Amino acid sequence: DLPTVKDKVAIALAEGGSEKQIFLYVVPANGASPEDPGTPALLEQVKTHLAARVPDHMLPAAVIAVAAIPLTSGGKPDKKKLPAPPRAATRLRMEYAAPRDPLESLLVGIWAKLLKVDQVGVSDNFFEIGGHSLLGIQMFAQVEKQTGKRLPIKRLFQAPTIAQLARVIGGEKQPVHSWKNLSAIQPNGSRVPFFCVHGDEANIFVPRYLGEDQPFYGYFHQGEDGHPIAYTSVERIAQHFIQELRSARPHGPYLLGGYSFGGIVAYEMACQLVAAGEQVPLLALFDTYAPEDGLRSATEEEKTYMPIKRWVMRKLVNRYLDRGELLPAKLRHFHIIDTYGKATRAYHAPKYSGPITLIRANDSPGAKDMGWGKLAQGDMDVRIVEGDHYSVIKEPHVRALANELRSCIDRAMGSSSAAAL
């Protein structure tokens, strides 16, 4: 906090067609207007203050002065009435580092075009300058086309900067595992590891907030490489993931979690593990609807043209797969989500005797427990954080999600310093 700032609010906005960025609005304590000659100096003071105290990935794209923070009738900041950020706003990030060789230059060009940014440095993090897993699939398709190197999407989460990715493409040795979908995103630390199913962008941001002593493993989607999806039911996906889980950690206790459809798979994994006699002290579902509620919500929100579009897209997918060809990058997301929809409709979720923690976004519609209360036979804990289904796993909201998860892990293991068993 600065004595020169009376009030403040941070919001996430999409600018120029890119992914959302953080913008900070501040009210000068001396009552000066945004046009006051002394306001630019105040904004620089705020930037300097933040740069010394906030991690680079949390720095706002711009700091904007306003006379007052507009409020809703309920007394909360009315973000819709804040002025639009200046078009020239750029992220306050580490000093630009230019590419040092042809491979880094190639990657810089691919990223800049795909992410629609003017400048990309070799230290920039793909997920912090507008990237996400779907764009990562397209990016890797371009990398394969121009270098001949085919990489799984999980490599991007392990090497999210130009410099790191160039070393991977150039042949730097990576940890060797037989896992097809599991990845050790943060393998170090003495605490019981957390295994996250389909965390997407949460796989990048959450481990940072959990701390270096908290191991974090992530499961990635089948089909992101364009190959056929081998396991197509919730039960079989869970069985496959458990096989990889046991190769990383043969016995419990297991700390499990998942986002969206990944939460349903994590639920089934917990059911199977408990039935096998293992301990699952934490099952954390990130904004995940129970199967029945999720299907009802998806049906209510579906556009009238979707059945026809789905039919056409399935025909295109089958045409490639029947010929034994890899799916083009632009068809992969549809095929993955379509497979998940079919799996959810066919899944008959059993009751679960263990504890369930739901960390849900406050803007997600439906029942507070998102339908899980009907399946929970043990304790049911619902925690609400800011955001919607898509923004809750991204900055700035993901920090609150991670803090809730950290609290849940501490509680599940009995103390904040619980060591791995």
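**Close-up views of a predicted model**

**View 1. The salt bridge between E104 and R100.** E104 is buried, with a relative accessible area of 3%, where buried means under 20% relative accessible area, exposed over 50% and partly exposed in between (1.4 Å probe, protein chains only). Its partner R100 is exposed, with a relative accessible area of 60%, and the closest N and O atoms of the two residues are 2.6 Å apart. A salt bridge here is a side-chain nitrogen of Lys or Arg within 4 Å of a carboxyl oxygen of Asp or Glu, and by this rule the count comes to 14 salt bridges. The model is predicted, so local features need pLDDT of at least 70 and side-chain atom pairs count only at pLDDT 80 or more, whereas totals for chains, interfaces and linings use all residues. Residues are numbered from 1 along each chain as its sequence is written, and side-chain values use heavy atoms, with hydrogens and water left out.

**View 2. The salt bridge between R246 and E278.** The closest N and O atoms of this pair are 2.9 Å apart. Because R246 lies in helix α7 (residues 234-248) and E278 in the loop between α8 (261-275) and β8 (282-286), the pair ties together parts that are 32 residues apart in sequence; helices (H or I, at least four residues) and strands (E, at least two) are DSSP runs, numbered from the N terminus. R246 is partly exposed at 26% relative accessible area, while E278, at 14%, counts as buried.

**View 3. The salt bridge between R314 and D338.** The side chains of R314 and D338 meet at 2.9 Å, N to O. R314 lies in helix α10 and D338 in helix α11 (residues 329-346), so that this contact ties together parts 24 residues apart in sequence. R314 counts as partly exposed at 27% relative accessibility, whereas D338 is buried, with a relative accessible area of 9%.

**View 4. The crossing of helices α6 and α12.** The axes of α6 (residues 202-210) and α12 (residues 398-413) come within 9 Å and cross at roughly 55°, the axes being lines fitted to C-alpha atoms, for helices over the stretch in contact, with angles running from 0 to 180 degrees between N-to-C directions. The two helices are therefore oblique to each other, since angles under 35 degrees count as roughly parallel, over 145 as roughly antiparallel, 65 to 115 as roughly perpendicular and the rest as oblique.
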